[in-house]
Amino acid sequence: MQALRRLRRFPGVVNMGSPVREFQLPGVPGPAIVIEQDPQAAIDIQKRNNPQELKYHPASCVWKPGPLILRVLQHVDVNDLAAGQDGRGAGNGTAVVGKTVLELGSGPGLLGVALARLGADVLATDGAELALSLLKRNRKANLHPSSASKSTDGTPTGSWGRFEVNRLQWGCQTDIDACRKLIRNMNRKHLETPDLVCLSEVLYESNICDGKALVNSVAALLGPNSTGILCQYSCGDADLEGEFYDYLRASMHCIDVPLDLVWPTSPVQRALNFNLRTIVFQARTR
């Protein structure tokens with residue numbers, strides 16, 4: 001698959017080529033251990049002979065835009081940016097402590113683990129069974145036992161934020177309703193909508209990605225006080241990208257994040273990542 005050939009490894013990776021990799025992300029306490037390509041889940045998928053769930057499904061590996069969203073949040077106040085301001089604020093980035101974060105297309109969950117360690121309450125979602133299996137394993141591998149915070153299924157999540165896992169097949173109303181209930185349970189103000197919505201590298205190929213269903217799912221879960229962030233490299237499918245971005249802009253209030261906000265002091269990184277698009281969005285009814 002073209003999308004898999006484009007796999008970009010984050011510079012902090014060690015144990016290259018191993019199904020278990022370690023990431024040391026700037027500003028995040030401790031290394032994150034990420035299990036990729038769950039062998040048993042891959043065998044189960046092969047037995048079902050489902051062409052939509054490949055042994056090396058895109059959801060089974062970490063993609064660079066996930067850690068890049070973390071970088072954006074550390075350098076840019078996305079709420080100020082969405083409100084038409086500069087976004088640099090006081091240089092403190094976007095506050096995530098105590099915030100409820102919804103991630104769509106979480107894959108193995110590196111971004112969610114990082115945000116939970118920074119104090120956010122995270123609902124990590126994916127439509128692929130392989131990813132859901134990896135998310136649960138990586139929750140156990142990274143978030144230390146503590147009586148102070150537990151997931152709804154009783155899994156300890158540590159002294160940081162909560163980390164929940166739920167299926168979300170884009171466009172599935174049953175999954176959307178289930179996510180709303182979980183968000184209300186997690187949200188400290190008991191709202192059904194998250195404070196922050198994250199999407200990273202959600203476009204692959206048109207045969208496995210329905211861009212309109214994705215936007216509709218985000219719109220259904222986005223509240224009047226929610227802010228979303230999308231980080232996406234060009235997937236090489238101009239038709240898919242064009243339809244997705246047109247529909248996103250028609251459905252949401254969108255602000256493009258300039259590369260000089262992501263890498264304010266590195267023109268080299270800005271040049272290397274010329275095909276990266278970062279968009280902050282909010283509901284039009286806000």
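**View 1. The largest nonpolar core gathers 42 residues, and L115, F163 and C198 touch the most other members.** A nonpolar core here is a set of buried Ala, Val, Leu, Ile, Met, Phe, Trp, Tyr and Cys residues joined through side-chain atoms within 4.5 Å. Helix α5 (residues 110-117) gives this core its largest share, six residues. Apart from it lies another core, of 30 residues, with C179, C209, L221 and L248 among them. Before you go on, please note that this is a predicted model: local features need pLDDT of at least 70, side-chain atom pairs count only at pLDDT 80 or more, and totals for chains, interfaces and linings use all residues. Residues are numbered from 1 along each chain as its sequence is written, and side-chain values use heavy atoms, with hydrogens and water left out.

**View 2. The whole protein has eleven helices and ten strands.** Helices (H or I, at least four residues) and strands (E, at least two) are DSSP runs, numbered from the N terminus. Of the 286 residues, 52% count as buried; buried means under 20% relative accessible area, exposed over 50%, and partly exposed in between (1.4 Å probe, protein chains only). Among contacts with a separation of 6 or more, 68% come from residues 24 or more positions apart. A contact means heavy atoms within 4.5 Å.

**View 3. Here is C198, a buried cysteine with 0% relative accessibility.** How far is the sulfur of C198 from the closest cysteine sulfur? The distance is 9.9 Å, to C231, and that is too far for a bond. A search of the whole structure finds zero disulfides, a disulfide being a pair of cysteine sulfur atoms within 2.5 Å. C254 is a buried cysteine too, at 16% relative accessibility.

**View 4. The second largest pocket has a volume of about 250 Å³.** Of the 16 residues that line this pocket, the closest to its centre are N79, K99, D195, L196 and N225. On a 1 Å grid over the protein atoms alone, a pocket is an open set of points where a 1.4 Å probe fits, with protein on both sides within 12 Å along at least five of seven lines, and lining residues have an atom within 4 Å of a point. Grid points are joined across faces, edges and corners, and the volume is the space filled by probe spheres set on the points. The lining divides into six nonpolar, six polar and four charged residues. Ala, Val, Leu, Ile, Met, Phe, Trp, Tyr, Cys and Pro count as nonpolar, Asp, Glu, Lys and Arg as charged, and the others, Gly among them, as polar.

**View 5. D77 sits in the loop between α3 (65-75) and α4 (78-82).** Is D77 buried or exposed? D77 is buried, with a relative accessible area of 18%. Leaving aside neighbours within four places in sequence, D77 is in contact with G87, G93 and T94. D77 and T94 are 17 residues apart in sequence, yet 4.4 Å apart in space, C-alpha to C-alpha.

**View 6. H190 and E201 are two loop residues to look at together.** Most residues other than glycine have a negative phi. H190, however, has a positive phi of about 60°, and phi of E201 is near 50°. H190 lies between α7 (173-186) and β7 (196-200) and is exposed, at 60% relative accessible area. E201 lies between β7 and α8 (211-221) and is buried, at 1%.
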